[in-house]
Amino acid sequence: MRKVVTAGLAVGLLVGLSPVVGATAAPAPEFNPAPIQWGQCADEDLQKAGAECAMLAVPMDYADPAGEQVSLAVSRIKHTVPDDQYQGAMLVNPGGPGGSGLALSTLGASVPKGAGGAYDWIGFDPRGVGASQPALSCDPNYFSYDRPHYVPTTAELENTWLDRSEGYARACGNTGKLLEHIKTTDVVEDMDSIRKALGAEQINYYGFSYGTYLGQVYGTLHPERLRRVVLDGVVNADDVWYQANLNQDLAFDRNIKIFFDWIAKYDSVYHLGTTGADVEKVYYEQLAKLDQQPAGGVIGSDEWTDLFLTAGYAQSVWDQRAKAFSGWVHNGDWQTLKTIYDATNSPGDDNGFAVYLSVQCTDVQWPKSWETWRKDNWAVHEQAPFEAWANAWYNAPCVFWPAKPGKPVDVDGSEVAGALLISEELDAATPFPGAIEARKRFPNASLISLPGGTTHSGSLSGDACLDDQIADYLATGKLPARQPGNGPDTTCEPLPQPVPEGVATATARPQQPAALQRAVQSNWR
């Protein structure tokens, strides 16, 4: 999921390499980490939540467990039930790749019915991310303001973006050995090292977005180590990673039109048009104007695209984005646009983007010929112009990536005892077919779908139908009954579309826990 890393784009999601080696090669020695030594957290929010923190040393290269090491930042909030009701450790990953999950040890408190209290909740920053060491960075200023227009309508624009993409890849090539050891399979082995360091025979796992792919690969390589599993916003293991991004382009274009329809419904509030088509026209008119003269000298056409991409991820941001849209059109308020862009793109910090690319570009070989990218992305752009070229350039450094790519794991969850899969059927970052594919590959899993829902990885946000079933599964292991065929096993109504603040019928809307909201949104491209 480009998608899934900075704010404008979205989602990014991906696959690991098979650890298979030559038939005559001896297996690598097993790595056994030292027990985790818990201490005080540096983060004040984690301190207030009663979390403990630690650094865990693991091999940079699991084929050489006695060699150079990296350190993983790990946090824990312990179970609150009596020890005889304890259900084990629950690892959490927010997605990305590149998302920081250190704060997600707080997630257990948000599970209804007190069901989270039976687990030790374990947050962690994957290798290269956040507080883990070393933290990967290639060019902190890559997402500067007023960048060249995404759509390469001229040879000059295309060459400019190719030069930028090659330059970023070259900068990543100067970051050291970690670039060769940051595939999905490396992170999966880190998860298993955390399990060992906790002294646990099995782990429970809650993964969002790209985190669902980690869960699928972990379940393939270590099925006997998985106990209870929740995967929300399910990556399609068939499509990592090039095709996944093309699929996203079509889905985000659909969702932005749904957003425009919603704005039109409340034209009395936003004054941007009485039909979705009218609003869409204004949107693209403004994009063209900003390409010529950026708002406040900083928000050009690319930044405009990026800050509205988030509306394709979650309807919870619709009112804020629509107000910013209206404020700019009617009042020239560019400061709000900049604030939103900065919050999701972190100028001066490319850690999430660097890890996103490092995982995606090395999990699997992307097309080597730029002509393939050009043909495919122009074809998608003709159908879905909103995000096609923005997403293409987000991933284009993979054309030039300096680290050797591997082959995706053949995901097989047949030995996993059970899993709860969750997908809103109009999720753009991880389109619904991915959940159907995972259900096929995990025959002991059950799928809850939310027909008509457009939110990506939105569980534990106050939808009682969904969240109560998550709680029941975590409490008892009971899954919705598996139904015949290739569809969902049960459905829930998604949360209703928001009502703008100030409209008479507006009511307070439930929200994801703040730590989860920050973690998941940090992965939005």
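Some ground rules. This is a predicted model, where local features need pLDDT of at least 70 and side-chain atom pairs count only at pLDDT 80 or more, while totals for chains, interfaces and linings use all residues. Residues are numbered from 1 along each chain as its sequence is written, and side-chain values use heavy atoms, with hydrogens and water left out.

Back to Ser209. It sits in the loop between β5 (203-208) and α4 (210-221). Helices (H or I, at least four residues) and strands (E, at least two) are DSSP runs, numbered from the N terminus. Is Ser209 buried or exposed? Ser209 is buried, because its relative accessible area is 1%, and buried means under 20%, exposed over 50%, partly exposed in between (1.4 Å probe, protein chains only).

Next, the disulfides. The cut-off is a pair of cysteine sulfur atoms within 2.5 Å. How many does the whole structure hold? The search finds four. With the bonded cysteines numbered in sequence order, they pair 1-2, 3-4, 5-6, 7-8.

Take Cys138 and Cys172, with sulfur atoms 2.0 Å apart. The torsion about their S-S bond is about 110°, so this disulfide is right-handed. It links distant parts of the chain, 34 residues apart: Cys138 is in the loop between β4 (120-125) and α2 (155-172), and Cys172 is in helix α2. Cys138 is buried at 14%. Cys172 is buried too, at 0%.

Now Cys361 and Cys398. Their sulfur atoms are also 2.0 Å apart. This link is left-handed, with -80° about the S-S bond. Cys361 is in helix α11 (residues 351-363), and Cys398 is in the loop between α13 and β7 (419-424), 37 residues apart. Both cysteines are buried.

Then Cys465 and Cys492, again with sulfur atoms 2.0 Å apart. Their link is left-handed, at -70°. Cys465 is in helix α15 (residues 464-476); Cys492 is in the loop between β9 (490-491) and α16 (514-521), 27 residues apart. Cys465 counts as partly exposed because its relative accessibility is 36%. Cys492 is buried, at 1%.

On to packing. A nonpolar core is a set of buried Ala, Val, Leu, Ile, Met, Phe, Trp, Tyr and Cys residues joined through side-chain atoms within 4.5 Å. The largest has 126 residues, and those with the most contacts inside it include Tyr213, Trp241 and Phe259. Helix α5 gives the largest share of this core, eleven residues. Another core lies apart from it, with 24 residues, among them Tyr206 and Cys492.

A cavity is a set of points on a 1 Å grid over the protein atoms alone where a 1.4 Å probe fits but cannot get out; lining residues have an atom within 4 Å of a point. There are four cavities of 30 Å³ or more. Which helices each supply at least two residues of its lining? They are α5 (242-265), α12 (370-383) and α13 (388-395). Lining residues include Tyr242, Asp249, Trp373 and Asn391.

Definitions and conventions: On a 1 Å grid over the protein atoms alone, a cavity is a set of points where a 1.4 Å probe fits but cannot get out, and a pocket is an open set with protein on both sides within 12 Å along at least five of seven lines; lining residues have an atom within 4 Å of a point. Grid points are joined across faces, edges and corners, and a volume is the space filled by probe spheres set on the points.
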